[in-house]
Amino acid sequence: MKKIQIMILKGVNTAFRLDEKLYHCAMDITMDYIGGKWRTVILWYLKGKTMRFAEIKKHIPDITEKMLSIQLKQLEKDGLIKREMFGTKPPVRVEYSLTDFGKTLIPVLNAIAKWGRDLGESEGTLVELE
């Protein structure tokens, strides 16, 4: 039987185990938390302030409400954002913000945004929207 090579560190076949999941490399861990089309975008808008669901949706017009709800729940489950409810009777106010753990991603988010901005400026055209 052939042995699967995961990650070689100092000549030893290794992997990271985190919360009972096995990751083949450090990038695999990162992408499990922020991968997908919308997670980094949501985190980007929450990096500087607390926002309500409708505010986040307004900043990301292409995301459906269902997808936004799913992504917010997953980000909360992963410990990257916190969801706070205010009031007990409808309408209940719900706000989302980064946790301290989520804030550790700010340098990563800034680097990703800089890469995209640099590419957009060098290869794209800036257009005004109405």
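These are my notes from looking through this predicted model.

**Ground rules**

I number residues from 1 along each chain as its sequence is written, and my side-chain values use heavy atoms, with hydrogens and water left out. Since the model is predicted, local features need pLDDT of at least 70 and side-chain atom pairs count only at pLDDT 80 or more, while totals for chains, interfaces and linings use all residues.

**Overall look**

I started with the secondary structure and got 6 helices and 7 strands. Here helices (H or I, at least four residues) and strands (E, at least two) are DSSP runs, numbered from the N terminus. Reading along the sequence, I wrote down β-β-β-β-α-α-β-α-α-β-β-α-α.

Next I looked up the radius of gyration, taken over C-alpha atoms. The chain has 19 Å, whereas a compact globule of 130 residues would have one near 14 Å; that rule is 2.2 Å times the number of residues to the power 0.38. I also noted that the C-alpha trace spans about 60 × 45 × 25 Å along its principal axes.

How much of the chain is buried? I found 25% of the 130 residues, where buried means under 20% relative accessible area, exposed over 50%, and partly exposed in between (1.4 Å probe, protein chains only).

**Salt bridges**

I then turned to charges. Side chains of opposite charge can pair when their charged atoms come close. I counted a salt bridge when a side-chain nitrogen of Lys or Arg is within 4 Å of a carboxyl oxygen of Asp or Glu, and the structure holds 4 of them.

One of them joins lysine 21 and aspartate 32, at 3.1 Å from N to O. Lysine 21 sits in strand β4 (residues 21-23) and aspartate 32 in helix α1, so this pair ties together parts 11 residues apart in sequence. I have lysine 21 as partly exposed at 40% relative accessible area, and aspartate 32 as partly exposed at 28%.

Another joins arginine 39 and aspartate 78, at 3.5 Å from N to O. Arginine 39 is in helix α2 (residues 39-46) and aspartate 78 in the loop between α4 (65-77) and β6 (81-86), so I noted a link between distant parts of the chain, 39 residues apart. Buried or exposed? Both arginine 39 and aspartate 78 are buried.

I also logged glutamate 95 with arginine 93, at 3.2 Å from N to O. Arginine 93 counts as partly exposed, at 34% relative accessibility.

**One more residue**

Last, I checked threonine 30, which is found in helix α1 (residues 26-34). Threonine 30 is partly exposed because its relative accessibility is 30%.
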